[in-house]
Amino acid sequence: MVDTERLPLFCFFVALIVTFVLTRINVRLIRAKIGWFRNLNVGEMHIHHIVFGVVLTLLGGVSGLIMSGISSGWYAVTAAVFGIGAALILDEFALILHLRDVYWEEEGRASVDAVFIAIAFTGLLLLGLRPLGWENSDGTLRGTWLTAGFIVANLALAVITLLKGKIWTGLAGLFIPILLVPGAVRLARPGSPWAHLFFAPGSRRPQIRKMARAERREERWRRPVIRAKIAFQEFVSGRHDLPSTRRRTRR
């Protein structure tokens, strides 16, 4: 880690995982009303841990800019502080996305997805992989142009894959480009932006058969994977089983 100058990234990675796990243990104990574990309140105002995350992220980020050229050890410490802050923010990502407290609601799973994505990205960077393959350039003018074309093509395939609703495939494909080819070519998920644009009911040219095929594929292949993912997420982070506030409002 030291020889490859990845120690700060490693410290960020460890701090991100440890902080997320400890935070989830804490909030699950608060939810179960065990012992002295309680929400932090100032008067009638509940202070979410995202507030501490913002402060620590700013502190770690600014300190890292200062320490990067002074001390590698302290630079690694600031990276760890940044990782702690990032974990606290991402753990409440769904609250930012929906601008309301959906922490234990179904929409709250977006926070766990965000943390898992951050962990996966950082892990791939630690393994030496780089997004879009820029390190493949041989340094010559011709090699640079070829690499630039390769990057643009990968980026286009990644955008198409993400628009088709294949989030994990698109993100992983940034580091492993071969995954983007089937992701971009195969049928889009029925609820994806691509489907709404090109073949779902309400699009310019709705295609009933294609939509039905996408729904069958979703039910047969995607649903079991989603259920397995949710089961693992709830094992790690707790059950997001409260009824949606939005649904209650509509009723």
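## Aromatic residues

In this predicted model, F20, F116 and F232 make up one aromatic cluster. The structure holds seven aromatic pairs. One of them joins F20 and F116 in an edge-to-face arrangement, with 6.4 Å from centre to centre and 80° between the planes. F20 belongs to helix α1, while F116 belongs to helix α5 (residues 109-126), so this pair ties together parts that lie 96 residues apart in sequence. Both F20 and F116 are buried.

W36 and F37 form a pair of another kind: their ring centres are 4.5 Å apart and their planes meet at 15°, so the pair is stacked. W36 counts as exposed because its relative accessibility is 70%, and the cut-off for exposed is over 50%.

## The second largest pocket

Rolling a probe the size of a water molecule over the atoms shows where empty space is left. The second largest pocket has a volume of about 470 Å³. Its lining consists of 24 residues, and those that lie nearest its centre are V27, I30, N39, H46 and H49. Two elements give two or more residues to this lining: α1 (7-32) and α2 (49-67). The largest share, six residues, comes from α1.

What classes of residue make up the lining of the second largest pocket? There are 12 nonpolar, seven polar and five charged residues in the lining.

## Annotated transmembrane regions

An unreviewed UniProt entry carries the annotation "transmembrane region" for residues 6-27, 47-67, 73-99, 111-132, 144-163 and 170-188. Two of these spans can be described from the model. Residues 47-67 are 90% helix and 0% strand, with the end C-alpha atoms 31 Å apart. For residues 144-163 the figures are 100% helix and 0% strand, and the end C-alpha atoms lie 28 Å apart.

T78 is placed in helix α3 (residues 72-90). The UniProt record includes the span 73-99 under its "transmembrane region" annotation.

Is T78 buried or exposed? T78 has a relative accessible area of 8%, and because the cut-off for buried is under 20%, T78 counts as buried. Which residues does T78 touch, leaving aside its neighbours within four places in sequence? T78 is in contact with G60, S63, G64 and M67.

Terms used
Residues numbered from 1 in each chain as written. Predicted model: local features only at pLDDT ≥ 70, side-chain atom pairs only at ≥ 80, totals over all residues. Heavy atoms only, no water. 1 Å grid on protein atoms, 1.4 Å probe; cavity = no way out; pocket = protein on both sides within 12 Å on 5 of 7 lines; lining within 4 Å. Points joined across faces, edges and corners; volume = space filled by probe spheres on them. Helix = DSSP H or I, 4+ residues; strand = E, 2+ residues; numbered from the N terminus. Nonpolar A, V, L, I, M, F, W, Y, C, P; charged D, E, K, R; others polar. UniProt positions renumbered as here; feature names shortened; annotations may be inferred. Buried < 20%, exposed > 50% of the residue type's maximum accessible area, 1.4 Å probe, protein only. Contact = heavy atoms within 4.5 Å. Phe/Tyr/Trp six-rings, centres within 6.5 Å; stacked < 30°, edge-to-face > 60°.
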